[in-house]
Amino acid sequence: MDKQALARAAANKMYEGDAASQSLGIVIQEVLPGWAVLRMEVRSDMVNGHEICHGGFIFTLADSAFAFACNSHNANTVAAGARIDFLAPAHKGDQLTATAQEIHLRGKTGVYDVVVRNQNDEQIALFRGNSLQIAGSLVEHV
C-alpha cells in the first residue's frame with residue numbers, strides 16, 4: 001500500500017471511532033501523509049452568549065485536523081500539547097475549514113500547524129500541536 005493510500009486508510013479507521021468529530025458534523029475533506037483538511041459548519045448550538053462560535057468548537061475542529069494529520073503515517077499518535085490563537089470570530093452558518101500541516105517529525109515527536117478559515121478564506125484561528133507516537137498502528141499494511 002502506498003503512503004497516500006495508507007494515510008487515507010488510517011484516517012478512515014480513526015474516523016469510524018471518532019464520535020466527537022462525527023457528533024459535531026466534522027467531515028474529512030482530504031488526508032495525505034502529514035496533511036489533513038477537515039470541515040465543519042457552525043450550528044446554532046455552537047454559538048455562545050456573544051452570538052459567535054464558542055472557541056472550544058473551533059479548537060476541537062483544529063485539534064481533529066491535527067489528529068488526522070499526525071496519525072496519517074499509521075502510527076498511533078496523541079497530542080502532547082497544543083495552543084490556539086483566535087484571530088476573528090466565526091458565526092452561525094459559517095463553513096470552517098481546518099488545514100493541518102506537518103512542520104517537523106523526528107523519532108516519536110512532531111509539530112503540526114493548523115489554520116482555520118471561514119468560507120470567505122478569512123483566517124479564524126491558528127493552532128499548533130505537538131504530537132507523541134505511542135505503541136501500535138491504526139491499520140495493518142504490507
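Leu132 is partly exposed, with a relative accessible area of 35%; that class lies between buried, under 20%, and exposed, over 50%, using a 1.4 Å probe and protein chains only. The model is predicted, so local features need pLDDT of at least 70 and side-chain atom pairs count only at pLDDT 80 or more, while totals for chains, interfaces and linings use all residues. Residues are numbered from 1 along each chain as its sequence is written, and side-chain values use heavy atoms, leaving out hydrogens and water.

Leu132 sits in strand 6, residues 123–133. Strands (E, at least two residues) and helices (H or I, at least four) are DSSP runs, numbered from the N terminus.

Strand 1 (residues 27–32) pairs with strand 2 (residues 35–41) in the antiparallel sense, over five bridges. Pairing requires at least two DSSP bridges between two strands. Ile28 has Leu38 in strand 2 as its bridge partner. The two strands form a hairpin with two residues between them. Gly34, in the turn, has a positive phi of about 75°.

Two residues other than glycine also call for a look. Glu51 has a positive phi, near 60°. Glu51 lies in the loop between strand 2 and helix 3 (55–70). Is this residue buried or exposed? Glu51 counts as exposed, because its relative accessibility is 63%.

Asn74 has a positive phi as well, near 70°. Its place is the loop between helix 3 and strand 3 (77–86). Asn74 counts as buried, because its relative accessibility is 3%.
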